[in-house]
Amino acid sequence: MRCFLSLLLAVASLLLPVSVVYSGLPRSFLSLERVIPLGHQVELEVLRARDRARHARILKGAVGGVVDFSVEGTSDPYSIGYGLYFTKVKLGSPPREFRVQIDTGSDILWVACNACSDCPRSSDLGIELNFFDTASSSTAMQVSCSDRICTSTLQSSGTECSPQINQCSYTFQYGDGSGTSGYYVSDLMHFDMMLGQSMIANSSANVVFGCSTYQSGELTKSDKAVDGIFGFGPGALSVISQLSSRGVTPGVFSHCLKGEGSGGGILVLGEILEPSIVYSPLVPSQPHYNLNLQSIAVNGQPLPIDSAVFATFNNQGTIIDSGTTLAYFVQEAYDPLINSITAAVSQSANPIISKGYQCYLVSSSIGDIFPLVSLNFAGGASMVLKPEQYLIRYGFLDGSAMWCSGFQKAQEGVTILGDVVLKDKIFVYDLAHQRIGWTNYDCSLSVNVSLTTSKDEYINGRKRSASSSQMDTLTNLLPVSIGILIAYILVFMES
């Protein structure tokens with residue numbers, strides 16, 4: 001009886017509430033790191049140049065349990081190197097570790113091959129670069145021309161077939177002159193999966209990824225070199241799409257990027273649950289995460305902006321992109337936005353132009369004088385930005401702190417929301433239900449992650465459906481039932 005009682009107590013202890021709750025499909029966890037080192041000073045023009053190169057690639061079009069990625073950030077008030085996150089992935093048999101940049105603006109996971117020409121051999125980021133070798137992995141297989149993956153992607157301008165060697169290959173040529181080419185490989189990706197209440201198991205799954213044999217332009221430079229790019233876009237070849245289509249992970253991933261203090265955050269292949277999350281539907285049939293931005297308000301006052309400038313067609317629309325550093329608005333929205341912010345602080349801050357960028361000299365807390373900015377999306381979802389989420393501190397001038405706007409004027413017709421406004425928020429990319437959700441959040445705190453993929457989660461603060469509520473009730477009553485059972489057994493033993 002004592003053994004039986006011990007077993008019941010052990011079961012009951014497993015059912016006690018924890019900070020992260022899992023149920024249903026398993027999830028896996030990996031780690032993310034900041035590309036730009038802590039405390040590293042970066043000029044605004046450098047960030048804009050990097051974003052311009054990236055946006056040229058975006059406008060060319062994309063080619064071709066819970067997994068957790070811990071995130072590193074920066075708390076240095078003089079560092080403006082927001083964005084450029086990377087994670088470690090393990091590929092092949094035996095597993096080999098690669099550092100790859102996280103990018104929600106592209107689909108393909110690719111790493112440099114050992115035969116890569118013009119690939120950087122060292123990185124100024126203080127990391128050792130690795131190269132994938134198909135001959136060294138016992139589970140690696142090159143994707144042939146007849147493979148369904150290859151035939152389904154041949155419609156993409158970046159995928160081609162080499163019949164002489166029966167090899168499915170790709171060429172990504174970017175608008176900034178850089179590019180990469182290589183061939184597709186199928187091999188194992190290894191990760192830790194959350195199977196339940198803090199239970200972690202080693203797991204692996206076959207994924208198709210690129211093995212790059214050539215790089216050019218910016219990709220050849222060592223100043224920010226990593227082993228490759230991890231595309232989290234909505235396309236069929238993204239890892240999240242591959243794994244979710246086979247039921248390995250759900251069709252949803254989430255991130256929370258910490259912008260204050262010591263930095264950090266989390267990225268999970270799963271859904272972070274938070275009651276205050278609001279959702280806006282994705283624009284269908286788009287290669288990127290396009291949302292319908294409808295209006296912008298400053299301190300609750302709508303700006304005189306024609307909503308047509310945000311409409312999605314051709315090279316126009318609004319994109320959520322973690323690979324972009326700043327936030328870019330079309331001129332028809334940028335000018336009234338900056339003018340309204342400047343007018344709101346005219347009595348408390350000195351507006352200046354520094355190196356061509358809108359900045360402000362401030363002698364007090366920006367939270368006390370700068371207005372809230374609301375980006376209002378379809379579905380009644382608003383993204384409310386505090387001053388700390390759109391201003392970047394950039395040293396001192398004449399004894400005052402200089403804060404520069406993270407809002408920039410877009411060179412094309414696309415509004416792109418980058419990390420400067422994405423930080424300090426939970427973001428949920430729900431591919432299964434074609435929506436994106438967000439809420440302000442302290443990303444240093446633990447999060448609740450669902451292992452279910454049903455439609456019974458919060459939508460813009462509304463209650464869950466009846467089926468979900470019933471399941472929650474049963475889940476909450478289970479520990480109580482166990483406790484009653486244990487008490488009954490104890491009384492029986494006393495008798």
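Trainee: In β19, which residue is the bridge partner of L291?

Mentor: This is a predicted model. β16 covers residues 290-291 and is an edge strand, pairing on one side only. Its pairing with strand β19 (residues 316-320) is antiparallel and runs over two bridges. In β19, the bridge partner of L291 is T318.

Trainee: What is the strand order of the open sheet of five strands?

Mentor: The pairing in this sheet is mixed. Its edge strands are β16 (290-291) and β27 (407-409), each of which pairs on one side only. The order is β16-β19-β28-β20-β27.

Trainee: Why is one side of β18 and of β24 left without a neighbour in their sheet?

Mentor: The sheet is open and has four strands in the order β18-β17-β23-β24, with antiparallel pairing. β18 (301-302) and β24 (381-385) stand at its edges, so one side of each has no neighbour in the sheet. The reason is that each has a single partner strand.

Trainee: In β24, what is the bridge partner of S374?

Mentor: Strand β23 spans residues 373-377 and pairs with β24 in the antiparallel sense over five bridges. For S374, the bridge partner in β24 is V384.

Trainee: What angle does the direction of helix α5 make with that of β17?

Mentor: Helix α5 (residues 331-344) packs on the sheet that holds β17 (293-298) and β23, and touches both strands. The direction of α5 makes an angle with that of β17 of about 20°.

Trainee: At what angle does α5 run to β27?

Mentor: α5 also lies across β20 (327-329) and β27. Among the buried residues of α5 are A333, L337 and I341. The helix runs to β27 at about 135°.

Trainee: How far apart are the end C-alpha atoms of α5?

Mentor: α5 has 14 residues, and at 1.5 Å a residue these should span 20 Å. The model agrees with that expectation, because the end C-alpha atoms are apart by 20 Å.

Trainee: Are the rings of Y170 and Y184 stacked, edge-to-face or tilted?

Mentor: The structure holds 15 aromatic pairs. In the pair of Y170 and Y184, the ring centres are 5.1 Å apart and the planes stand at 50°. Planes under 30 degrees apart would count as stacked and those over 60 as edge-to-face, so the rest are tilted. The pair of Y170 and Y184 is therefore tilted.

Trainee: How many residues apart in sequence are the parts that Y170 and Y184 tie together?

Mentor: Y170 counts as buried at 1% relative accessibility, and Y184 is buried with a relative accessible area of 1%. Y170 lies in strand β8 (residues 167-173) and Y184 in strand β9 (residues 179-196), so the pair ties together parts separated in sequence by 14 residues.

Trainee: What is the angle between the planes of F377 and W438?

Mentor: F377 lies in strand β23 and W438 in strand β30 (residues 435-440), 61 residues apart. F377 is buried, with a relative accessible area of 2%, and W438 is buried at 3%. Their rings form an edge-to-face pair, 5.2 Å centre to centre, and the angle between the planes is 65°.

Trainee: Which residues do ring pairs link into a cluster?

Mentor: F377 and W438 form an aromatic pair, and both belong to this cluster. The residues linked by ring pairs are F230, F232, F253, Y289, F377, F427, Y429 and W438.

Definitions and conventions. Residues are numbered from 1 along each chain as its sequence is written. This is a predicted model: local features need pLDDT of at least 70, side-chain atom pairs count only at pLDDT 80 or more; totals for chains, interfaces and linings use all residues. Side-chain values use heavy atoms; hydrogens and water are left out. Two strands pair if DSSP finds at least two bridges between them. Contact means heavy atoms within 4.5 Å. Axes are lines fitted to C-alpha atoms, for helices over the stretch in contact, and angles run from 0 to 180 degrees between N-to-C directions. The expected span of a helix is 1.5 Å times one less than its number of residues. Buried means under 20% relative accessible area, exposed over 50%, partly exposed in between (1.4 Å probe, protein chains only). Rings of Phe, Tyr and Trp (its six-membered ring) pair if their centres lie within 6.5 Å; planes under 30 degrees apart count as stacked, over 60 as edge-to-face and the rest as tilted.
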